Amino acid sequence: MAASPHSKPSLWRRMKQHSLAYKFIAPTVVAMFLIHFIPMVQGLYLSLLDVRLTTLTLYLKAPFVGFKYYREVILALLFGSDSSRISGMLNATGNTIEYTFWTNVATLTLGMILALLLNRKFRWRGIARTLVLLPWVVPTFVTGTIFNFIWLQQGGLANRILVDWLGIIDQPITWLIGPNSLYALVIATVWRGLPFATIMMLASMQVIPLDLYEAAELDGANGLQRFRYITLPLLKPILATLVLFGVINGLYGGYNIAVQMFGGGTAFAGEYADLLVPAITRQTWERHLYGFGAASSVLLMILLLVFVGIWYRVFRSSLRTEGGS
Amino acid sequence: MGISVTERTTAKSLRVDQHRLRRFLVSRAYDLLLLLIIALLLLPIIFLIIGSFKTRQEFTVGSAFWPQSWHFENYSVMWQRVNFSKYFLNSIIICSATTLVVTILASMSGYALARFRFPGAGAFSLGILGTQLIPGTLFLIPLYMTFLWIKNTLHIPLIGTNFGATVLYVGFFLPISLWIQRSFFATIPVDLEEQAMVDGATRFQAFWYIVMPLAGPGVISTAIFVFLTAWDELLFAWVLNVQTIPVGIRQFTGVAGSEQRYELLSAASVVIILPVALMFFLLQKRFIAGLTAGAVK
């Protein structure tokens with residue numbers, strides 16, 4: 001660690017002092033600009049242009065339409081729209097928010113239960129931990145394939161368990177069409193995301209000093225109280241991280257699973273389960289509405305930023321304690 | 001007197017026994033619950049593996065869990081029909097190269113960020129997090145157009161090639177990997193490097209010979225993370241026309257969708273999971289250590 005002297009040296013001297021640090025971060029800075037920021041700025045500009053299949057070769061010289069696409073979407077938000085393209089996008093927005101909410105709630109709740117169960121002393125703990133992580137090794141597009149089979153109405157694993165083995169219901173459920181399809185997507189996502197959340201929470205639980213629990217037990221706190229007043233507050237930093245990842249993955253994700261799970265390779269999941277990224281991708285690459293796709297992406301990014309803002313307000317206090325390192 | 005003492009102790013030990021019994025039963029109940037959840041988590045994978053040995057009819061009509069006879073030939077049929085070797089080889093090349101380059105570069109940058117308070121470090125961190133907030137659909141076309149432009153003017157073949165995909169993925173995964181690495185380097189005590197530098201090592205030597213070996217688990221967890229994510233990437237590979245496994249499988253699903261060759265898709269899926277599962281099992285101890293150290297710090 002370079003010691004900072006009391007009298008602050010000039011910026012240039014401090015920069016020279018850290019020349020190695022700049023050399024070390026240079027590749028990342030280049031990558032960030034080339035692969036992320038410069039394309040993003042182009043994308044922002046693209047959202048103001050009328051880029052279609054016929055004008056794609058013009059690219060940034062395509063006709064300028066300003067905020068046309070944004071206006072369309074906002075007007076549709078306020079007054080409804082008869083354009084199927086826009087109403088489809090609004091419908092996908094609702095689905096995406098619902099999807100994000102349920103995947104996060106389910107992943108965090110189940111992950112917490114699983115982490116608590118794993119954070120006990122028992123003989124097969126090591127192997128249990130490994131087995132729990134396994135779904136995480138399954139790529140998301142394979143997850144989509146697996147769950148496509150699981151949700152098959154005839155012969156799918158889900159209906160087999162519910163109808164044939166347990167007999168909870170008599171009629172096989174239609175999973176991939178209609179209102180159930182969103183939950184089919186949520187369950188597949190949770191299955192894939194649960195291991196990561198569990199292991200992260202388990203790791204945080206394992207560094208909580210045991211004497212905290214012993215002291216609480218002496219004071220007569222029961223299991224639930226110990227969880228509520230010791231475990232949960234100390235898990236807040238990792239929960240903050242997991243919620244942030246969960247929100248990003250929820251709003252931007254679902255593509256790979258949807259492509260394979262709903263079949264056909266088009267990622268169109270029907271009106272109940274169509275998410276924003278699949279919808280935008282379809283508009284962009286199948287209907288060749290590149291400008292409209294870019295504008296929708298910008299609006300999606302604004303939606304995410306709103307969520308991140310809410311997230312920041314909720315978790316601000318726990319971020320400060322984490323920032324100590 | 002003596003009797004009452006004995007009575008009291010038996011009563012006490014009985015109470016202790018009862019308490020113990022209760023604890024024992026509760027903890028067995030927890031074991032059972034855990035077992036149930038693990039079974040539910042593993043069932044889809046087991047179902048997939050078993051399904052890869054079935055016939056197509058058994059998928060949709062039969063309700064038996066096990067196949068009537070084991071069709072090992074599904075694998076060879078799949079391999080030829082999908083031209084799997086091509087996709088498999090491409091994916092292996094792209095993901096290995098990406099993992100190698102990203103891990104090295106991310107270690108360097110992550111180390112710099114964890115160790116030095118250089119001017120601009122805050123902006124740099126913010127920039128890294130910023131990259132994660134951009135939706136892929138926003139910079140997909142600009143990237144495609146940029147790659148096309150580079151191909152046409154500089155004649156560097158970035159579209160439809162493994163090289164192009166590797167360049168893309170390195171840029172893609174570098175920021176987030178660096179973030180994982182940073183938290184890991186922060187846990188390594190600084191004294192060791194200072195000692196080495198007192199002994200005459202340069203800062204770079206101290207980093208390379210002292211810090212990097214200590215960062216083993218962190219480096220491994222980053223490497224697995226990158227490999228897994230690259231192995232899983234579909235959208236950009238598809239748009240850049242790179243023939244990786246996800247693209248191949250998608251084409252197969254699209255073409256064979258009407259035929260619904262579930263057994264072939266299952267076989268392909270098993271083969272896709274195998275390399276990553278193998279890597280995971282070989283490295284999992286260090287991987288979990290690395291992952292969790294990053295989580296805690």
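Q: How many residues does the contact take from chain A and from chain B, and what makes two residues count as being in contact?
A: Chain A gives 83 residues to the contact and chain B gives 84 residues. Two residues are in contact if their C-beta atoms, placed from the backbone, lie within 7 Å. This is a predicted model, in which local features need pLDDT of at least 70 and side-chain atom pairs count only at pLDDT 80 or more, while totals for chains, interfaces and linings use all residues. Residues are numbered from 1 along each chain as its sequence is written, and chains are lettered from A and ligands numbered from 1 in the order in which they are written.

Q: Which helix gives the most to the side of chain A that touches chain B, and what makes a stretch of residues a helix?
A: Helix H2 (residues 19-46) of chain A gives the most, with 17 residues. Helices are DSSP runs of H or I with at least four residues, strands are runs of E with at least two, and the numbering starts from the N terminus.

Q: How do the residues on the side of chain A that touches chain B divide, and what makes a residue nonpolar, polar or charged?
A: On that side, 57 are nonpolar, 22 polar and four charged. Ala, Val, Leu, Ile, Met, Phe, Trp, Tyr, Cys and Pro count as nonpolar, Asp, Glu, Lys and Arg as charged, and the others, Gly among them, as polar.

Q: How many helices and strands does each chain have?
A: Chain A has 13 helices and zero strands, and chain B also comes to 13 helices and zero strands.

Q: What makes Pro175(B) buried or exposed?
A: Pro175(B) has 24 other C-beta atoms within 10 Å, so it is buried. Pro175(B) belongs to helix H7 of chain B. Leaving aside residues up to four places away in sequence, Pro175(B) touches Thr28(A) and Met32(A), as well as Ile128(B) and Thr131(B).

Q: How do you know whether His155(B) is buried or exposed, and what is its phi?
A: His155(B) has 7 C-beta neighbours inside 10 Å, so it counts as exposed. His155(B) is in the loop between H6 and helix H7 (162-185) of chain B. Its phi is near 60°, a positive value in a residue other than glycine. Most residues other than glycine have a negative phi.

Q: What class does Asn241(B) fall into, buried, exposed or partly exposed, and where does it lie?
A: Asn241(B) has 13 other C-beta atoms within 10 Å, so it is partly exposed. Asn241(B) lies in the loop between helix H11 (235-239) and helix H12 (245-256) of chain B. Asn241(B) also has a positive phi, of about 60°, although it is not a glycine.

Q: How much of each chain counts as buried?
A: In chain A, 39% of the 325 residues count as buried, and in chain B buried residues make up 42% of the 297 residues.

Q: What makes a nonpolar core, and how many residues has the largest one?
A: A nonpolar core is a set of buried Ala, Val, Leu, Ile, Met, Phe, Trp, Tyr and Cys residues joined through C-beta atoms within 7 Å. The largest has 152 residues, and those with the most contacts inside it are Leu185(A), Ala258(A) and Ala268(B). Helix H8 (residues 180-206) of chain A gives the largest share, 14 residues. Domain 1 (2-51) and domain 2 (81-296) of chain B both give residues to this core, so it lies between them; the domain bounds come from an automatic or database domain assignment.

Q: What makes H4(A) roughly parallel or roughly antiparallel to H12(A)?
A: The axes of helix H4 (residues 84-118) and helix H12 (residues 276-285) of chain A come within 8 Å and cross at roughly 155°. Axes are lines fitted to C-alpha atoms, for helices over the stretch in contact, and angles run from 0 to 180 degrees between N-to-C directions. Angles under 35 degrees count as roughly parallel, over 145 as roughly antiparallel, 65 to 115 as roughly perpendicular and the rest as oblique. H4(A) is therefore roughly antiparallel to H12(A). Among the residues making this contact are Arg85(A) and Gly88(A) of H4(A) and Leu276(A) and Gln283(A) of H12(A).

Conventions
A residue is buried if 20 or more other C-beta atoms lie within 10 Å of its own, exposed if 12 or fewer, and partly exposed in between; C-beta atoms are placed from the backbone.
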